[in-house]
Amino acid sequence: MVRGKTEVRRIENATSRQVTFSKRRNGLLKKAFELSVLCDAEVALIVFSPRGKLYEFSSSSMESTLDRYMLHAMDVNISKQAKEHNKRVSNPSVFLKSETASLMKKIEQLEACKRKLLGESLESCTAEELHELELQLEQSLSIIRERKYHMLGEQIDQLKEKGKILLERNSSLHEMFDSETQLQLCAPWKAVSDDHDGQNTEVETELVIGRPGTC
């Protein structure tokens, strides 16, 4: 009897997911060790748990294996760039057609993804694809909300600062108004006092015509 193909997807139950991770991790580390011993291969394995804990295995040295990988990736990249350059030089028309076709394909993929995010053309999507779209939309919505709250917080701080400045100006205007009012109230009393003092300082004189001593 042929065994049916099992669909591989994320385990929803947290406990079951952790148990499966532990079992599969140990099996993966064991297989990496067996491969390095049986085939004399240089093997380096790095695994991060869902909580961010690191598990690793290296048949020699993790640093040396990573350095070797970086050099190999650099050589592959240089070789790939050289091949593309040769294609451009040898047959530019063919290269341009290939680049155009590649760009058109990427545009079609982006357009299809855009339609799905807008809720269109979902008939061909599987349950797993719909779940992925839902997660993407929730993540985007979370980022949008965070940005909105940040902008609202900045606006509130600006309004508070403007309110503080207006209160200070209002207080300063009240002080100026009170000072001018007191000066206006004191001015009439000062004028009356000045007039009274002027009358007291006047000297009364009398003109008498005749011989001295007759009056």
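**Entry 1: V47.** I began with the neighbours of V47. Leaving aside residues up to four places away in sequence, V47 touches F21, L28, K53, L54 and Y55. I note that this is a predicted model.

**Entry 2: the core.** Next I asked which residues make up the largest nonpolar core. I found seven residues in all: F21, A32, V43, L45, V47, Y55 and F57. I then checked which elements supply them. Helix α1 (14-38) and the strands β1 (44-48) and β2 (54-58) each give at least two residues to this core. V47 belongs to the core, and its contacts include F21 and Y55. As background, I recalled that nonpolar side chains in soluble globular proteins tend to be buried together.

**Entry 3: salt bridges.** How many salt bridges are there? I counted two.

I looked up R10 and E12 to start. Their side chains form a salt bridge, at 3.2 Å from N to O. E12 is exposed, and its relative accessible area is 53%.

I then turned to E42 and R68. The closest N and O atoms of this salt bridge are 2.3 Å apart. What does the pair tie together? E42 sits in the loop between α1 and β1, while R68 is in helix α2 (residues 62-90), so the bridge links parts 26 residues apart in sequence.

**Entry 4: exposure of the second pair.** Last, I checked how exposed E42 and R68 are. E42 is partly exposed, with a relative accessible area of 34%. R68 counts as exposed, at 56% relative accessibility.

Technical notes
Residues are numbered from 1 along each chain as its sequence is written. This is a predicted model: local features need pLDDT of at least 70, side-chain atom pairs count only at pLDDT 80 or more; totals for chains, interfaces and linings use all residues. Side-chain values use heavy atoms; hydrogens and water are left out. A nonpolar core is a set of buried Ala, Val, Leu, Ile, Met, Phe, Trp, Tyr and Cys residues joined through side-chain atoms within 4.5 Å. Buried means under 20% relative accessible area, exposed over 50%, partly exposed in between (1.4 Å probe, protein chains only). Helices (H or I, at least four residues) and strands (E, at least two) are DSSP runs, numbered from the N terminus. Contact means heavy atoms within 4.5 Å. A salt bridge is a side-chain nitrogen of Lys or Arg within 4 Å of a carboxyl oxygen of Asp or Glu.
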